[in-house]
Amino acid sequence: MEELIARVTQKTGLDQATARKAIGIILGYLQKEGPQNEVNQLIQALPGAMDAIEEGKTGASGGLMGMMGSMGGGVMALGGQLMGIGVSMGQMQPLGKELFTYGREKAGEDVMGPIVGSIPGLSQFV
């Protein structure tokens with residue numbers, strides 16, 4: 001997880017704590033919305049992923065955008081949660097791209113492909 005956090009901070013300019021929380025929020029979202037088998041394989045391939053998911057659950061809906069995101073659903077809700085912890089719109093795409101690139105490196109395309117393909121709107125962030 002530390003390698004992924006370092007890569008995300010480099011690509012996005014986020015501090016380590018925010019990057020870790022953002023990764024946890026995204027993984028938690030995938031856990032809820034994605035195909036269970038593939039998401040479980042991804043989480044197993046990323047040491048520390050469950051801890052990051054738990055961290056992402058606390059304070060993930062801060063601010064007005066977080067509130068709006070939690071009322072809606074799908075990728076818009078995810079974006080609202082990320083904005084609620086201080087991730088800007090301009091940082092979301094590099095964050096998503098880096099997380100999914102790392103996921104492909106660790107878990108493989110046969111795991112990541114079905115995850116991206118099963119969640120409407122996700123492909124624009126990865």
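Mentor: The lining of the largest cavity divides into nine nonpolar residues, two polar and no charged. Here Ala, Val, Leu, Ile, Met, Phe, Trp, Tyr, Cys and Pro count as nonpolar, Asp, Glu, Lys and Arg as charged, and the others, Gly among them, as polar. The model is predicted: local features need pLDDT of at least 70, side-chain atom pairs count only at pLDDT 80 or more, and totals for chains, interfaces and linings use all residues. Residues are numbered from 1 along each chain as its sequence is written, and side-chain values use heavy atoms, with hydrogens and water left out.

The lining residues are Ile26, Val75, Leu78, Gly79, Leu82, Met92, Gly96, Phe100, Leu122, Phe125 and Val126. A cavity is a set of points on a 1 Å grid over the protein atoms alone where a 1.4 Å probe fits but cannot get out; lining residues have an atom within 4 Å of a point. The volume of the largest cavity is about 100 Å³. That volume is the space filled by probe spheres set on the points, which are joined across faces, edges and corners. The whole structure holds one cavity of 30 Å³ or more.

Now the helices. They are DSSP runs (H or I, at least four residues), numbered from the N terminus. Helix 6 (74–84) and helix 7 (89–107) each supply at least two lining residues. Helix 6 gives the most, with four.

Take Leu82, one of the lining residues. Leaving aside neighbours within four places in sequence, Leu82 is in contact (heavy atoms within 4.5 Å) with Ala22, Ile25, Ile26, Val87, Met92 and Leu95. Of these, Ile26 and Met92 also line the cavity.

Leu82 belongs to the largest nonpolar core too. Such a core is a set of buried Ala, Val, Leu, Ile, Met, Phe, Trp, Tyr and Cys residues joined through side-chain atoms within 4.5 Å. Buried means under 20% relative accessible area, with a 1.4 Å probe and protein chains only. Of the 37 residues in this core, Met1, Ile23, Leu27, Leu30, Leu42, Leu82 and Ile115 touch the most other members. Helix 6 and helix 7 are among the helices that each supply at least two residues of the core. Helix 2 gives the most, with eight residues. In soluble globular proteins, nonpolar side chains tend to be buried together.

How values were computed:
On a 1 Å grid over the protein atoms alone, a cavity is a set of points where a 1.4 Å probe fits but cannot get out, and a pocket is an open set with protein on both sides within 12 Å along at least five of seven lines; lining residues have an atom within 4 Å of a point. Buried means under 20% relative accessible area, exposed over 50%, partly exposed in between (1.4 Å probe, protein chains only).
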